[in-house]
Amino acid sequence: ILDEYLPVPKNQLAPFYGVAFVIGVYNFKRQNGYFKLFHLMLLTVLGLGLLFIRGRAALVATFLCLMIFNLFFVRERRYRYIGLGLFIVAVSLLSSLLFDVFTANYDVNDVDSLSANRLGDYISAIDIILKNPFVGSALSVEVPYLPHNYLVYSLMNYGVLFGWPLLIIYL
């Protein structure tokens, strides 16, 4: 259904929602009056949008960024506790929705299903990396798999010797 009605894939749209949400939370305390209420409504729309398009990686990254922001950039201790409390309350209230977001269309008892049937690709890629750690599959005629992780993909195709510039950029 998303492909029919959403012209941009969710994995490209969700990071924008997540970044906008984190920036909105950061700027929220600077707003005054009615604009603060409007800002809160926009944050709600962004947060719910992120949940409903099921951008799982963006959700995890947004939660991590908010926790890091709360721990390191909120100076007043009571606001840190308020932020942590709000986070815990939000996660507990939305726990069933979050469970559905992360596991919809997957069998929770099957690891391969939860990994979107990528587990076999990861295992095959790691086998290639372990066989040829320095050059990967760059000098072989093996047909490489396409793992869904850029770090694993770079190590598998180029190894440490040829892939270190890409790994430095990625990390």
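**Helix geometry and packing**

Modeller: Helix α4 (residues 56-72) has 17 residues and should span 24 Å at 1.5 Å a residue, which agrees with its end C-alpha atoms being 24 Å apart; the expected span is 1.5 Å times one less than the number of residues. This is a predicted model, in which local features need pLDDT of at least 70 and side-chain atom pairs count only at pLDDT 80 or more, while totals for chains, interfaces and linings use all residues. Residues are numbered from 1 along each chain as its sequence is written, and side-chain values use heavy atoms, with hydrogens and water left out.

Biologist: Which residues of α4 are buried?

Modeller: A58, L59, T62, L66, M67, F69 and N70 are buried in α4, where buried means under 20% relative accessible area, exposed over 50% and partly exposed in between, with a 1.4 Å probe and protein chains only.

Biologist: And at what angle do α4 and α5 pack?

Modeller: α4 and helix α5 (residues 77-93) pack at an angle of about 160°, with their axes 9 Å apart; axes are lines fitted to C-alpha atoms, for helices over the stretch in contact, and angles run from 0 to 180 degrees between N-to-C directions. That makes α4 roughly antiparallel to α5, a label for angles over 145 degrees, whereas under 35 is roughly parallel, 65 to 115 roughly perpendicular and the rest oblique.

Biologist: Which residues make that contact?

Modeller: F63, M67, N70 and L71 contribute from α4, and Y79, R80, G83, L84 and F87 from α5, with contact meaning heavy atoms within 4.5 Å.

Biologist: Changing topic, how many helices and strands does the chain have?

Modeller: The chain has nine helices and zero strands, these being DSSP runs numbered from the N terminus, with helices (H or I) of at least four residues and strands (E) of at least two.

Biologist: What about burial and contacts over the whole chain?

Modeller: Of the 171 residues in the chain, 25% are buried. Among contacts between residues at least 6 apart in sequence, 47% join residues at least 24 apart. The chain exposes about 12200 Å², and carbon and sulfur atoms supply 69% of that area, which is computed by the Shrake-Rupley method with a 1.4 Å probe.

Biologist: Where is F21, and what does F21 touch?

Modeller: F21 is in helix α2 (residues 10-28), and F21 counts as buried because its relative accessible area is 18%. Leaving aside residues up to four places away in sequence, F21 touches L43, L46, G47, T62 and L66, and two of the residues it touches, T62 and L66, are among the buried residues of α4. The C-alpha atoms of F21 and L42 are separated by 8.7 Å, although these residues are 21 residues apart along the chain.

Biologist: Is A20 buried or partly exposed?

Modeller: A20, also in helix α2, is partly exposed, with a relative accessible area of 30%.
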